[in-house]
Amino acid sequence: MPTENALIAHRSVVELHQWIEAVFRGAPDSVAVRERLMGSFHRDFIMVTTGGQTVGLPEVEALFQRLAGARPALNIEIDACETLAHEKSQVVCRYRETHHDGDSVQARWSVAMIEVIDQQPYWRFLQETAIPA
């Protein structure tokens, strides 16, 4: 049986990608959604991209600002989400993320460390690995 923190982390995986999709598609409320999205990251957030670059929160925020409305056909599918480890407030999840954008399909495996504080999830680390087509 998953712990409450694991359930919160799994829900956060889905919600965060719904928000990313809304921002990239240029949804009418995308500014408010982007604020909610950015509030989901821990101030020390680090991400390793599919290209192997390490970026922090300022670069992630700049990416969301730059790409807001740039991908109106984007659909992000999340599946195969599982808990790899959890201890106290930290949950490590792995999931498959598939981006459908017109005729383009790109998939990746992602591993995220999410800290749950007072039932609020904060993303601390994310590493993405591209799945070859």
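View 1. C93 is buried at 0% relative accessible area, while C81 is partly exposed at 27%. (Buried is under 20% relative accessible area, exposed is over 50%, and partly exposed is in between, using a 1.4 Å probe and protein chains only.)

This is a predicted model: local features need pLDDT of at least 70, side-chain atom pairs count only at pLDDT 80 or more, and totals for chains, interfaces and linings use all residues. Residues are numbered from 1 along each chain as its sequence is written, and side-chain values use heavy atoms, leaving out hydrogens and water.

**View 2. F41 and its contacts.** Setting aside neighbours within four places in sequence, F41 is in contact (heavy atoms within 4.5 Å) with L16, L57, V60, F64, Y122 and W123.

**View 3. E82 meets R94.** These two side chains form a salt bridge at 2.3 Å, N to O; the term means a side-chain nitrogen of Lys or Arg within 4 Å of a carboxyl oxygen of Asp or Glu. E82 is partly exposed at 31%, and R94 is also partly exposed, at 32%.

View 4. R108 and E97 pair up in a salt bridge at 4.0 Å, N to O. R108 is buried at 12% relative accessibility, and E97 is buried at 3%. Salt bridges with shared partners link E97, R108 and E128 into one network.
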